Amino acid sequence: MSKFKKKKSGALPPISTASLPDIVFMLLFFFMVVTVLRESNLLVMQRLPKGDQVEKLQKDRSIFIYAGKPGPGYIEKYGKESRVQIGDKYTEVGNIRFALEELRLKLRPELQDKVMVALKIDEETNTGLVTDVKQELREQNLLKIIYITTPGNQLDE
Amino acid sequence: MARRSAPEINAGSMADIAFLLLIFFLVTTTIEKDKGIARQLPPPIEQDQDVIIKQKNLFIVNVNKNDQLLVEEELMDLKDLRQAAIDFLDNGGAPAGTPDYCNYCKGDHSPESSDNPQKAVISVQNDRLTSYKMYIAVQNELVAAYNFLRDREYKRLYPKRQLSYVEVKKIYDEGGFKGTEEEKVKEEMEAVQELIPLKLSEAEPKKSGS
């Protein structure tokens, strides 16, 4: 009898935190696996326009073209005019083909003819620049493009 | 003395270390889930070929440098564009009995507007100074109009799936259909695409100010 009495009188045992590190490690590994470190350093502003009639981008077969006004740190050097960025550097519209070819060859060989060009263009860019880029893409026979947008609809603003 | 067990290492700070790492990765992570409006560019043309399209089958959307919309020579708000495009595509103006007659169109059947969705072409003309934001907004609305009609036709033709065209396409793109089902869905989508083909033309932008 005395055995039972002893247990009742004792205070609540402390909650074991021994498994806390395991839980945190699990979260950590999850984030480490899903993390994609940005490959290219953005030199241009990227406020993408909104759209809701969208399709998913197939990342393994796409090459990116960025365009917009130079970012805050680059205005003094490059001015305020919208520019095109491919990879890590600014590219003149006339040189887009070379930069794209370079990126295309980095893709997996079986996907190289199914390339999709993802256009990440700041909403304040003029359509003229976009048209020039598209014209260049047509000449290169890179006909599948996708205008990257952010979720939402501009009518709701 | 020799058989004294080693003292246990205190693992209490392990959680703190793991938390620090976790927070570092949380902050640096950008989970990229890019989505956008897909479009096929026309192939480069060798020489100018003139395609004759009847005026009534052409829906002209003009965007000027101040981001104002001129649709069929009338000023229009962006919010009305989708419905206007749907009305145009779905009009079915060809009279009954002619080969162009559209038996699934639910529009006004006005002889002034498009014959059928296969013939109807939407042409967007931009100024070079139009903002990209407006350009995407217009494209988005026009694609929405096509998707609305495709959804309707898909539901009419394949009611047993209880899905809309857009939903089916999403599942298809993600590889959600397997084996013979995949072939079947592809055929269904192509049938709907044939009924409502996406005929969006983009004219070369004019110089600013014109």
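Which residue of β3(B) is the bridge partner of Asn62(B)? That partner is Leu70(B). This is a predicted model. The briefing starts with the sheet of chain B.

- Five strands of chain B form an open sheet in the order β4-β3-β2-β5-β6, with mixed pairing.
- The edges are β4 (74-76) and β6 (200-202) of chain B, and each of them pairs on one side only.
- From one strand to the next, the twist averages 30°.
- Helix α2(B) packs on this sheet and touches β2, β3, β4 and β5 (121-126) of chain B. The direction of α2(B) makes about 20° with that of β3(B).

**Strand β2(B) and its partners**

- β2 (residues 58-63) and β3 (residues 69-71) of chain B pair in the antiparallel sense, over three bridges.
- Within β3(B), Val71(B) stands opposite Val61(B), and Leu70(B) is the bridge partner of Asn62(B).
- β2(B) also pairs with β5(B), here in the parallel sense and over six bridges.
- In β5(B), Ile122(B) is the bridge partner of Phe59(B).
- In a regular strand, side chains alternate between the two faces of the sheet.
- β2(B) has a covered face made of Phe59(B), Val61(B) and Val63(B). Its uncovered face has Leu58(B), Ile60(B) and Asn62(B).

**The hairpin turn**

- β2(B) and β3(B) form a hairpin, with five residues between them.
- Asp67(B) is found in the loop between these strands.
- The phi of Asp67(B) is near 65°, a positive value in a residue other than glycine.
- Is Asp67(B) exposed or partly exposed? It counts as partly exposed because it has 16 C-beta neighbours inside 10 Å.

**Helices α3(B) and α4(B)**

- Two packed helices are described by the angle between their axes and the distance between the axes.
- α3(B) and α4 (residues 165-173) of chain B pack at about 90°, and their axes are 7 Å apart.
- The two helices α3(B) and α4(B) are therefore roughly perpendicular to each other.
- α3(B) brings Asn147(B), Arg150(B), Asp151(B) and Tyr154(B) to the contact. α4(B) brings Tyr165(B), Val166(B) and Val168(B).
- By class, this contact of α3(B) with α4(B) has four nonpolar, one polar and two charged residues.
- Gln162(B) lies in the loop between α3 and α4 of chain B.
- Gln162(B) has a positive phi, near 60°, and is a residue other than glycine.
- Gln162(B) is exposed because 8 other C-beta atoms lie within 10 Å.

**Helix α5(B)**

- Helix α5 of chain B covers residues 180-195, a run of 16 residues.
- At 1.5 Å a residue, α5(B) should span 22 Å. The C-alpha atoms at its ends are 23 Å apart, which agrees.
- How many of the 16 residues of α5(B) are buried? The count is one, and the helix is hardly covered.

**Where chains A and B meet**

- Chain B gives 43 residues to the contact, and chain A gives 44 residues.
- On the side of chain B, α1 (14-28), β1 (35-40), α2 (78-89) and α3 (132-157) each supply at least two residues.
- The residues on that side of chain B divide into 25 nonpolar, 10 polar and eight charged.
- Strand β2 (residues 55-56) of chain A pairs with β1(B) in the antiparallel sense, over two bridges.
- Glu55(A) has Gly36(B) of β1(B) as its bridge partner.

**Two residues of chain A**

- Leu20(A) lies in helix α2 (residues 20-34) of chain A.
- With 17 other C-beta atoms within 10 Å, Leu20(A) is partly exposed.
- Leu20(A) and Gln58(A) are 38 residues apart along the chain, and their C-alpha atoms are separated by 37 Å.
- Asp113(A) sits in the loop between α4 (96-104) and β6 (116-121) of chain A.
- Asp113(A) counts as exposed because it has 10 C-beta neighbours inside 10 Å.
- Asp113(A) and Leu142(A) are 29 residues apart in sequence. In space they are 8.9 Å apart, C-alpha to C-alpha.

Key:
Residues are numbered from 1 along each chain as its sequence is written. Chains are lettered from A and ligands numbered from 1 in the order in which they are written. This is a predicted model: local features need pLDDT of at least 70, side-chain atom pairs count only at pLDDT 80 or more; totals for chains, interfaces and linings use all residues. Two residues are in contact if their C-beta atoms, placed from the backbone, lie within 7 Å. Helices (H or I, at least four residues) and strands (E, at least two) are DSSP runs, numbered from the N terminus. Ala, Val, Leu, Ile, Met, Phe, Trp, Tyr, Cys and Pro count as nonpolar, Asp, Glu, Lys and Arg as charged, and the others, Gly among them, as polar. Two strands pair if DSSP finds at least two bridges between them. Axes are lines fitted to C-alpha atoms, for helices over the stretch in contact, and angles run from 0 to 180 degrees between N-to-C directions. The expected span of a helix is 1.5 Å times one less than its number of residues. A residue is buried if 20 or more other C-beta atoms lie within 10 Å of its own, exposed if 12 or fewer, and partly exposed in between; C-beta atoms are placed from the backbone. Angles under 35 degrees count as roughly parallel, over 145 as roughly antiparallel, 65 to 115 as roughly perpendicular and the rest as oblique.
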